[in-house]
Amino acid sequence: MSPDIGEAVTEAFRQEWGRVVAALIGMTGDWDLAEECAQDAFAQAMRTWPRDGVPRRPGAWLTTVARNRALDRLRRGATETARLREAAALSVPSDPDSGDDGSGIADDRLRLIFTCCHPALALEARVALTLRTLAGLTTAEIARAFMVGEETMAKRLVRAKHKIRDAKIPYRVPPAHLLPDRTAGVLAVLYLLFNEGYSASAGANLVRQGLCAEAIRLARALSQLMPDEPEAQGLLALMFFHDARRATRTDSAGDLVRLEDQDRSRWDRDEIEEGTRVLDAALRRGRPGAYQVQAAIAACHATAGDAAETDWTEIAALYGELARLVPSPVVELNRAVAVAMADGPAAGLALVRALEESGELTGYHLLPATRADLLLRLGRRPEAAAGFAEALDLAATDAERRFLTRRLAEVTAPD
């Protein structure tokens, strides 16, 4: 296979896998059959395209081949008249996205996203199933991403599919009165996926680029499928702003680099510009939400020429609005940092002390790390050293532990 054909197949896989699988699930209701037939279609492309050339509409070609394969499989396996009728009903429409479930939204991928993220499924199952069916990651790749055994992940996926079958979870976009809550669940799954790639919860690597890329691709697809949902656009913009500085978050040794020390000339300006356009479009709709506010905070950082130009007063105000929309102790901790930057470390430390007294962030390493940083800025070095040591004991990734070890050494070193 020539490099051009190989790249065409690879690009078709990235762009069309979710569409093909979604269309087949919509027709057959059989998740495993859909995935197997989609794999067969891509295998057929690898055999046929080098000889016949890349078709004008690769997605339509792949969907037709996969649908015909599913039809053949159902016919061969049919043993009852009803099953034969089911197979015979699988006609091949001219447009792969011509189906409609009464929601007014024809794209099967949107139905698939909502099905994968159904609240009846455990959260980890929603994320795994989304990666498998919409992004096309293998079971082994998903297992490695979340640092569990392949067998464990395979069982998790099987249980999720059985849950959908046994609970008769409908393969459709939910009705209008359920859409706001269900959309929030879908967005939460995609954000969790991005965060696990951007700031890994455990392990040797702080950043897992593959997970970030898949989350952005799925968020972009969701934003295109739901153009009237500003929070979908807000989430996509937020991902762009964060991902734009991914390359500078760690140094050549894999150690964490603080935001103020990052080389801003290496930030991805194209992503920042795209994030700005997407966020502006979302805000123009006049329905601000949590993801739009977070994106606005990230935009303040991403568009500042250097650390000194950061508008911390605006960021503190935005965190106040975020706390109103989604009350959370983690949001309050971030607000404390912003207040410290805008009004001085003593003001921020008072907010941190209140969080510690509440006990809501017990065991969260960034709480003592933040306290230590503010104490150091106030010149209270012994207390700061104790805070960094406490945070070091709680840190989960190697990169974070190395960073906190350096901070502790800086504080305890002789002047």
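User: What is the handedness of the crossing of H2 and H3?
Analyst: In this predicted model, helix H2 covers residues 31-52 and helix H3 covers residues 58-77. Their axes lie 8 Å apart. The crossing of H2 and H3 is right-handed.

User: Is H2 roughly antiparallel or oblique to H3?
Analyst: H2 and H3 pack at an angle of about 125 degrees. Only angles over 145 degrees count as roughly antiparallel, and those of 65 to 115 degrees as roughly perpendicular. The angle between these helices therefore makes H2, relative to H3, oblique.

User: How many nonpolar residues does the contact of H2 with H3 have?
Analyst: On the H2 side, the residues that meet H3 include Leu-33, Phe-42 and Trp-49. On the H3 side, Trp-61, Leu-62 and Val-65 are among them. The contact of H2 with H3 also has 2 polar and 4 charged residues, while its nonpolar residues number 14.

User: How are H17 and H18 oriented to each other?
Analyst: Helix H17 spans residues 366-377, and helix H18 spans residues 381-394. They pack at an angle of about 160 degrees, with axes 8 Å apart. Angles over 145 degrees count as roughly antiparallel. H17 and H18 are therefore, to each other, roughly antiparallel.

User: How many charged residues are in the contact of H17 with H18?
Analyst: H17 passes H18 in a left-handed crossing. The contact includes Arg-371 and Asp-373 of H17, together with Arg-381, Glu-383 and Glu-390 of H18. By class, the contact of H17 with H18 has 9 nonpolar residues and 1 polar residue, and its charged residues number 5.

User: What is the handedness of the crossing of H18 and H19?
Analyst: H18 packs with helix H19, residues 398-412, at an angle of about 160 degrees and with axes 9 Å apart. That angle makes H18 roughly antiparallel to H19. The crossing of H18 and H19 is left-handed.

User: How many polar residues does the contact of H18 with H19 have?
Analyst: Among the H18 residues that meet H19 are Ala-385, Phe-388 and Leu-392. Their counterparts in H19 include Leu-404, Thr-405 and Thr-412. By class, the contact of H18 with H19 has 9 nonpolar and 4 charged residues, and its polar residues number 2.

User: Is Thr-183 buried or exposed?
Analyst: Thr-183 is found in helix H9, which runs over residues 179-198. Not counting residues up to four places away in sequence, Thr-183 touches Phe-114, Met-226 and Glu-229. Its relative accessibility is 4%, and a residue under 20% counts as buried. Thr-183 is therefore buried.

User: What separation do the C-alpha atoms of Val-189 and Ile-113 have?
Analyst: Val-189 lies in helix H9 and is buried, with a relative accessible area of 1%. Not counting residues up to four places away in sequence, Val-189 touches Cys-117, Leu-123, Arg-126, Val-127 and Thr-130. Val-189 and Ile-113 are 76 residues apart along the chain, and their C-alpha atoms are separated by 9.9 Å.

User: How many of the 11 residues of helix H6 are buried?
Analyst: Helix H6 consists of residues 123-133. Its buried residues include Val-127, Leu-129 and Leu-131, and also Arg-126 and Arg-132. H6 is largely enclosed by the rest of the structure, because its buried residues number 9.

User: What separation do the C-alpha atoms of Gly-286 and Pro-230 have?
Analyst: Gly-286 is found in the loop between helix H12 (269-283) and helix H13 (290-302). Gly-286 is exposed, with a relative accessible area of 55%. Along the chain, Gly-286 and Pro-230 are 56 residues apart, and their C-alpha atoms are separated by 8.7 Å.

User: What percentage of the residues of the protein chain count as buried?
Analyst: The secondary structure of the protein chain comes to 19 helices and 0 strands. Its accessible surface comes to about 19500 Å², with 51% belonging to carbon and sulfur atoms. The chain has 415 residues, and the share that count as buried is 49%.

Conventions
Residues are numbered from 1 along each chain as its sequence is written. This is a predicted model: local features need pLDDT of at least 70, side-chain atom pairs count only at pLDDT 80 or more; totals for chains, interfaces and linings use all residues. Side-chain values use heavy atoms; hydrogens and water are left out. Helices (H or I, at least four residues) and strands (E, at least two) are DSSP runs, numbered from the N terminus. Buried means under 20% relative accessible area, exposed over 50%, partly exposed in between (1.4 Å probe, protein chains only). Contact means heavy atoms within 4.5 Å. Axes are lines fitted to C-alpha atoms, for helices over the stretch in contact, and angles run from 0 to 180 degrees between N-to-C directions. Angles under 35 degrees count as roughly parallel, over 145 as roughly antiparallel, 65 to 115 as roughly perpendicular and the rest as oblique. A crossing is left-handed if the near helix is turned anticlockwise from the far one by less than a right angle, and right-handed if clockwise. Ala, Val, Leu, Ile, Met, Phe, Trp, Tyr, Cys and Pro count as nonpolar, Asp, Glu, Lys and Arg as charged, and the others, Gly among them, as polar. Accessible areas come from the Shrake-Rupley method with a 1.4 Å probe; for residues, only the protein chains shown count as cover.
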